[in-house]
Amino acid sequence: MKLHGNVFGTGKPFLILHGFLGMGDNWKTLGRKIAERGFQVHLIDQRNHGRSPHSDDFNYKVLVEDLKEYCNDHDLTDITLLGHSMGGKTAMLFAMYYPDVIAKLIIADIGPKFYPQHHQVILEGLQALKNDDNALSSRSKADEFLSKYIKEIGTRQFLLKSVYWIEKGKLDVRFNLPALIDNIEEIGKPLEKGMIYNKSTLFIKGEKSNYILKEDKININEHFPKNNIEIIEGAGHWLHAEKPIEFYNAVLSYV
């Protein structure tokens, strides 16, 4: 699958993978700053997200093969790979399959363990939005409609970044919602036992996030024995958006 990527700068390849229901553009501000430090930054839309193609198939193995095809097509080797949340799970599995492609691995606020499903209400709201022509007639109406399902303004603003005009007076969402809903159980799947990545890995955790707990260190050590965990104080799961300077500094001090 030919993934869509937004590319900035020249230098060593630095690939960024967004989280579930996100897209590469969510990382544009940070990506441009990283590019200024001598990297060629690729903000990649994973399948069924952003401007990348849609498919009925959706699991981490196909996301990994999509990324490998992207690297092959762009002749990318010795990459720095940064993945957040779902993108972090893709990055972890990619490292297991293709360790020689990676120079540096950065995982943002996700671990290799199993995570129970917790996106049902958001998906329900997005599906209802997609079926309501009136709500899709303006961004303000779309936001008001989603507020019935999603109380957090920040979450709604994040989701609305993937809403776009398909014609005058009519919005749509960039997600392939049917495929994401049908395969939602894939999102929380863990790395298989016995998978080990023996090169250096940086995990960056939001202090207020519960995605990586103290007891998860054992599981992380099993899969990534050469790991370091940096904690961004005052940040939650969206640590790169909540504390962009601190996140940027953590990344640059590692690469």
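On a 1 Å grid over the protein atoms alone, a pocket is an open set of points where a 1.4 Å probe fits, with protein on both sides within 12 Å along at least five of seven lines; a lining residue has an atom within 4 Å of a point. A volume is the space filled by probe spheres set on the points, which are joined across faces, edges and corners. Rolling a probe the size of a water molecule over the atoms shows where empty space is left.

The structure is a predicted model, in which local features need pLDDT of at least 70 and side-chain atom pairs count only at pLDDT 80 or more, while totals for chains, interfaces and linings use all residues. Residues are numbered from 1 along each chain as its sequence is written, and side-chain values use heavy atoms, with hydrogens and water left out.

The second largest pocket has a volume of about 370 Å³. Its lining comprises 24 residues, and Ser85, His118, His119, Tyr211 and His237 lie nearest the centre. Two elements, α3 (86-97) and α6, each give two or more residues to this lining; helices here are DSSP runs (H or I, at least four residues), numbered from the N terminus. The most is given by α6, with 3 residues. By class, the lining has 14 nonpolar, 8 polar and 2 charged residues, where Ala, Val, Leu, Ile, Met, Phe, Trp, Tyr, Cys and Pro count as nonpolar, Asp, Glu, Lys and Arg as charged, and the others, Gly among them, as polar.

The largest pocket holds about 430 Å³ of space. Of the 20 residues that line this pocket, Asn26, Lys161, His240, Ala241 and Glu242 lie nearest its centre. The elements contributing two or more residues are α1 (28-35), α6 (153-160), α9 (239-242) and α10 (244-254). This lining divides into 7 nonpolar, 9 polar and 4 charged residues.

Two of these elements also pack against each other: α1 and α10 meet at an angle of about 40°, with their axes 11 Å apart. Axes are lines fitted to C-alpha atoms over the stretch in contact, and angles run from 0 to 180 degrees between N-to-C directions. That angle makes α1 oblique to α10, since angles under 35 degrees count as roughly parallel, over 145 as roughly antiparallel, 65 to 115 as roughly perpendicular and the rest as oblique. Leu30, Lys33 and Ile34 of α1 make the contact (heavy atoms within 4.5 Å) with Pro244, Phe247, Tyr248, Val251 and Leu252 of α10. These residues comprise 7 nonpolar, no polar and 1 charged.

The helix α3 also packs with helix α2 (residues 60-73); their axes come within 9 Å and cross at roughly 70°. The two are therefore roughly perpendicular to each other. In α2, the residues Tyr60, Lys61, Leu63, Val64, Leu67, Lys68 and Cys71 meet Met86, Lys89, Thr90, Leu93, Phe94 and Tyr97 in α3. This contact has 9 nonpolar, 1 polar and 3 charged residues.

A further pair is helix α4 (residues 120-130) and helix α5 (residues 139-146), packed at an angle of about 140° with axes 10 Å apart. These helices are therefore oblique to each other. Gly125, Leu126, Ala128 and Leu129 in α4 meet Ala142, Phe145 and Leu146 in α5, a set of 6 nonpolar, 1 polar and no charged residues.
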